[in-house]
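Open the model in your viewer and keep the selection panel at hand.

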Amino acid sequence: MLSYNRCKKIGVYVKIFLMSLTVEQKDKLLGIKPRFFFAIMLPFILCIALGFYVWKLPFVWQDFFIFFVFYQIALFGISVGNHRYFSHKSFKATPFFEFLLFFTSAVAFQTPAICWAAVHRKHHHHSDKGEDPHSPYFKEGRALSFWEGFWHAHVMWIFGLDTLGIIKKYTQDFYHNERLVNWHRFHMFIGISFLIIPGFIEAAMLGEFSSDNILRGIFWGGLFRVMLLHNAVFLINSWGCHRGIGYRRNETNDQSTNNPLLFPFILGEAWHNNHHGSQTSANNAQRAIDIDPHFWMLKGFEKLGWVSDIKDAHKS
Ligand SMILES: [Zn+2]
Ligand SMILES: [Zn+2]
């Protein structure tokens with residue numbers, strides 16, 4: 001059996017070995033970009049490992065509460081922040097609200113806002129065509145089989161991404177906002193902190209800062225929450241809204257669909273065909289049954305004076 005000291009020694013050797021490699025060599029060794037490995041695969045591995053531990057603890061309502069609250073904060077950052085504001089500029093925000101959007105998007109632990117927006121704008125420019133960065137039909141112009149397409153559109157596209165090239169082409173406008181660019185330095189720090197902070201909040205709610213209580217909060221409000229939202233967002237491209245599942249209400253130049261099955265996980269983002277039909281609209285609803293709570297929230301923030309010029313293509 002491995003002792004603690006032996007593990008520590010092996011860890012030091014691995015660290016020295018990795019430090020001696022160039023970024024290109026690390027890419028070659030891992031077959032993927034190390035930064036993306038860190039952001040996507042590491043939380044996934046930790047989530048499974050910690051899941052085995054937390055599974056043995058009795059489920060309490062605070063587990064669900066902490067999961068739900070942090071999931072909704074992160075979803076808000078992705079849907080309202082990265083998608084409707086940073087990618088499509090579908091409303092104007094005060095500097096305070098802009099920071100709140102950046103902050104909540106960093107809590108989601110996906111790619112930084114500038115990169116998220118660049119990739120998403122490219123997706124709209126080439127939806128379901130050869131240059132779509134996460135198409136389930138093509139990879140760099142090559143037609144894909146069903147399962148190849150599923151995995152490519154779900155997650156594998158991230159590992160081959162020319163991040164800087166896409167940012168230079170699609171998000172030059174970010175550089176006019178020095179404040180926003182500076183915030184990006186804190187993206188990773190915020191993301192990692194909010195994997196851990198839910199642990200201390202849940203322990204406080206349970207009235208005891210024991211390792212069990214802290215770890216269950218880190219699992220439900222941190223790692224599991226990140227993994228579920230990552231996969232819910234990935235499913236829009238790989239299965240839910242670009243694979244002919246669901247229904248179309250707008251004749252668009254792509255395969256986008258509305259998919260109510262994704263609504264519990266991504267709320268109004270599930271009306272993806274409505275969105276492709278009116279890309280700059282902050283409102284994804286076209287009929288009364290298309291519920292879009294994030295649009296309602298924006299209307300509330302407008303009343304507080306934090307948001308203005310909300311674009312709504314579906315005003316009846
Ligand atoms: Zn799309
Ligand atoms: Zn969009």
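Select the zinc ion (ligand 2) in this predicted model. Its protein donors (N, O and S atoms within 2.8 Å of the metal, or 3.2 Å for Na, K and Ca; water is not among the atoms, so sites may look incomplete) are His83, His88, His120, His124 and His275, each through NE2, at 1.9 to 2.2 Å. Their spacing in sequence reads H-x4-H-x31-H-x3-H-x150-H. Now pick His124 in helix H6 and His275 in helix H13 (residues 272–277): this pair links distant parts of the chain, 151 residues apart. Helices here are DSSP runs (H or I, at least four residues), numbered from the N terminus.

Next, show H4 and H14 (residues 293–304). Their axes, lines fitted to C-alpha atoms over the stretch in contact, come within 11 Å and cross at roughly 75°. The two helices are therefore roughly perpendicular (65 to 115 degrees). In contact (heavy atoms within 4.5 Å) are Leu75, Phe76, Ser79, Val80 and Arg84 of H4 with His294, Phe295, Met297, Leu298 and Phe301 of H14.

Last, where does the largest cavity lie? Select Gln110, Trp116, Trp157, Val233 and Asn237, the nearest to its centre among 27 lining residues. H3 (34–54), H4 (61–87), H6 (113–125), H7 (146–159) and H11 (211–240) each give two or more residues to the lining.

Residues are numbered from 1 along each chain as written, with chains lettered from A and ligands numbered from 1 in written order. Local features need pLDDT of at least 70, side-chain atom pairs 80 or more, while totals for chains, interfaces and linings use all residues; side-chain values use heavy atoms, leaving out hydrogens and water.

Methods: On a 1 Å grid over the protein atoms alone, a cavity is a set of points where a 1.4 Å probe fits but cannot get out, and a pocket is an open set with protein on both sides within 12 Å along at least five of seven lines; lining residues have an atom within 4 Å of a point. Axes are lines fitted to C-alpha atoms, for helices over the stretch in contact, and angles run from 0 to 180 degrees between N-to-C directions. Angles under 35 degrees count as roughly parallel, over 145 as roughly antiparallel, 65 to 115 as roughly perpendicular and the rest as oblique.
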